[in-house]
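Subject: Structure handover

Hi,

My notes follow below it.

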Amino acid sequence: MDEHRQPAITPLQDTAAMQLEAASYRIRRYLLRDYSAFPTLPVKYWIESNLTDASQRYFWVDESSPLLEEFLPLEENNGCIPEKGITPANYEAVRTHKKTTYLQSPAPIMINTWPFNKLPYETRRRPQLPAPSDLVGCVIQELFHLEDRPVYYQGLVQEKEGDLFEVLWTDGKTDYYLEHQVRSMIYDPVAYIYDFQA
């Protein structure tokens, strides 16, 4: 093989244009987490960037350590991001990932909380989330004040016992609530995205 056709021993340095492209946007908001290709490919996030061109404002980014370093505290303080792509084929891999990476242990929420085919802001219309007919199986979210800081937790309504609904929170705690309390805590992914105040 010719010497000039040999593969480089060390990776080539990024060009100035490549470095500029990497620094050309910042993530303004995380809108949706997608497990569709996981674990073969990384979890993806549908994000809103700070780019002014509306045709380039929304796009996918892969989950990475730097992304998680920024995102996980935001999710803890602002509430859980909607999710899609949990299937029977990747269920156990997603469950393990949620327990070890997002620290949703021992009871991660294993339900697709984004029930729509269209992505957020992919159309001009705000999606309409139907009211649940049965509260058992609903995902709920609540803000708790732990020591000196507020933290959001999600839970799953497990069953109804008399007038009370049993809720299993991601941290493994079980609590009981009346129907009006559960209804006030039902997780609304549409409101999470579309009612955001910058």
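Start with helix H2, residues 65-78. H2 has 14 residues and reaches 20 Å from its first C-alpha to its last, close to the 20 Å expected at 1.5 Å a residue. Bear in mind that this is a predicted model.

H2 carries a kink of about 25° at Phe71, shortly before the proline Pro73. Gly79 follows the helix, with a positive phi near 110°.

Which residues of H2 are buried? They are Leu67, Leu68, Phe71 and Glu75. An α-helix has 3.6 residues a turn, so residues three or four places apart point the same way. The cover over the buried residues of H2 includes strands S1 (27-34), S2 (44-49), S3 (58-62) and S6 (149-161), plus helix H3 (91-101).

Next, the cores. The largest nonpolar core has 29 residues. Tyr30, Tyr35, Tyr45, Leu67 and Trp114 have the most contacts inside it. S1, S2, S3, H2 and helix H5 (189-194) each supply at least two residues of this core. H5 gives the most, with 4 residues.

Tyr30 is worth a look. Leaving out residues up to four places away in sequence, Tyr30 touches Tyr45, Trp46, Ile47, Leu67, Glu70, Phe71, Leu74, Ile81 and Tyr192. A second, separate core has 10 residues, including Leu135, Cys138, Val157 and Val182.

Ser49 sits in strand S2. Is Ser49 buried or exposed? Ser49 counts as buried because its relative accessibility is 1%, and the cut-off is under 20%. The Ser49 side chain reaches the backbone nitrogen of Leu51 at 3.2 Å.

Best wishes

Conventions. Residues numbered from 1 in each chain as written. Predicted model: local features only at pLDDT ≥ 70, side-chain atom pairs only at ≥ 80, totals over all residues. Heavy atoms only, no water. Expected span 1.5 Å × (residues − 1). Bend = angle between axes of the 7 residues up to and from the residue. Buried < 20%, exposed > 50% of the residue type's maximum accessible area, 1.4 Å probe, protein only. Contact = heavy atoms within 4.5 Å. Polar contact = N/O pair within 3.5 Å; in protein donor to acceptor, adjacent residues only side chain to side chain. Core = buried A, V, L, I, M, F, W, Y, C linked by side-chain atoms within 4.5 Å.
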